[in-house]
Amino acid sequence: MYGWKQGEGVTEQIIGRWLENNPGKRDQIVLATKAYGKMGEGPNDQKLSAYHIRRACEDSLRRLKTDRIDLYQMHHIDRATPWEEVWQAMEQLVREGKVLYVGSSNFAGWNIAQANGLAAQRHFMGLVSEQSLYNLNARVVELEVIPACQAFGLGLIPWSPLGGGLLGGALQKASEGRRASERLQAQIEKYRPQLERYEGLCRDLGEQPADVALAWLLSNPAVTAPIIGPRTLEQLEGNLRSLTITLSEETLRALDDIWPGPGGQAPEAYAW
């Protein structure tokens, strides 16, 4: 659905053209895509019915110009489709070699437990990864999603690691005259005191705010890799800089003070 032209799979087509022009690269990458989003007006053109999973996978393979998807992710929980139906469809795709691993995105902790519990009953591997909203300013997944991922051995792939630009030096950029969207401007005003402290801490460390935000995620052993979206080579090089940053315990405590989490995992976070 990315690319916002319903039914066309624009971003998959971009990757497909790249793979077609670089045939020797296919085995050097992990190719991931998703199913769930609305791809048409019919009742089976969205969500996780067996019919849609099957058709969505075939369409993705065609657009990606490949014979397999390494990581096929469910973009959201489908409360109207039983897990038996979902796993039957995924198992068939795995047997045919069209999918290697199955992942989730935006699942609750109990969704992960339910999905993998039923997968185990079917002698199927189940979920291997979870994409969640996770950054310094969005830490609610620390309550139950991250503990579930660790318990079931899922890799955590945070999306929006910079909070939509909020953690990427928003105050500094605003002072330099760079325009921000109305949404980001509202976020800046809402979190201005925290941003002032955060960007001040980053200056003291001699690092860019975006790189510190990514390094903070990478300091969590539950995190496999944040999903980055650089628009320029400079931004990509900055993102890669985060791999070399080691945050001290003192710095981690300072970041917790500026951007407090929910208080740990459940139930300790809200019970004795």
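# Notebook: a predicted chain

I note here that the model is predicted.

**Entry 1**

I looked up the backbone of W4 and found phi near 60°, a positive value in a residue other than glycine. For comparison, I wrote down that most residues other than glycine have a negative phi. Is W4 buried or exposed? The relative accessibility of W4 is 67%, so W4 counts as exposed, the cut-off being over 50%.

Y2 is also found in the segment before α1. I looked up its cover: Y2 has a relative accessible area of 37%, so it is partly exposed. Which residues does Y2 touch, not counting those up to four places away in sequence? I listed G9, V10, T11, K34 and H75. I also checked Y2 against S49: the two are 47 residues apart in sequence, and their C-alpha atoms are 20 Å apart in space.

**Entry 1. The whole chain**

I then stepped back to the overall figures. The secondary structure comes to 11 helices and 5 strands. The C-alpha trace spans about 55 × 50 × 35 Å along its principal axes. I looked up the radius of gyration and found 20 Å for the protein chain. A compact globule with 272 residues would have a value near 19 Å, so the chain agrees with that expectation.

How much of the chain is buried? I noted that 45% of the 272 residues count as buried.

**Entry 2. Helices α1 and α2**

Next I turned to packed helices. Two packed helices are described by the angle between their axes and the distance between the axes. Helix α1 covers residues 10-21, and it packs against α2 at an angle of about 45°, with the axes 7 Å apart. The angle makes α1 oblique to α2. Which residues make the contact? From α1 I listed E12, Q13, I15, G16 and L19, and from α2 I listed S60, R63 and L64. By class, I counted off 3 nonpolar, 3 polar and 2 charged residues in this contact.

G40 has its place in the loop between β1 (32-35) and α2 (50-64). I looked up its accessible area: the relative value is 9%, and G40 is therefore buried, the cut-off being under 20%. What is G40 in contact with, leaving aside its neighbours within four places in sequence? I found Q6 and D45. I then checked G40 against G24, which is 16 residues away along the chain, and found their C-alpha atoms separated by 34 Å.

H123 has its place in the loop between α4 and β4. It is not a glycine, yet its phi is positive, about 60°. I noted a relative accessible area of 76%, so H123 is exposed.

I moved on to helix α5, residues 145-152. Which residues of α5 are buried? I wrote down V145, I146, P147, A148 and C149. What covers these buried residues includes α4 (109-121), β4 (127-133) and β5 (155-159). Just after α5, I found G153 with a positive phi of about 75°.

**Entry 3. Helices α8 and α9**

Helix α8 (residues 192-205) and helix α9 (residues 209-218) pack at an angle of about 90°, and their axes are 9 Å apart. The residues in contact are Y198, E199, C202 and L205 of α8, together with P209, V212 and A213 of α9. I sorted them by class and got 6 nonpolar, no polar and 1 charged.

**Entry 4. The end of the chain**

My last stop was P267, in the segment after α11 (249-258). Is the peptide bond from A266 to P267 cis or trans? I found it cis, with omega near 0°.

Technical notes. Residues are numbered from 1 along each chain as its sequence is written. This is a predicted model: local features need pLDDT of at least 70, side-chain atom pairs count only at pLDDT 80 or more; totals for chains, interfaces and linings use all residues. Side-chain values use heavy atoms; hydrogens and water are left out. Axes are lines fitted to C-alpha atoms, for helices over the stretch in contact, and angles run from 0 to 180 degrees between N-to-C directions. Helices (H or I, at least four residues) and strands (E, at least two) are DSSP runs, numbered from the N terminus. Contact means heavy atoms within 4.5 Å. Ala, Val, Leu, Ile, Met, Phe, Trp, Tyr, Cys and Pro count as nonpolar, Asp, Glu, Lys and Arg as charged, and the others, Gly among them, as polar. The radius of gyration is taken over C-alpha atoms; the globule rule is 2.2 Å times the number of residues to the power 0.38. Buried means under 20% relative accessible area, exposed over 50%, partly exposed in between (1.4 Å probe, protein chains only). Angles under 35 degrees count as roughly parallel, over 145 as roughly antiparallel, 65 to 115 as roughly perpendicular and the rest as oblique.
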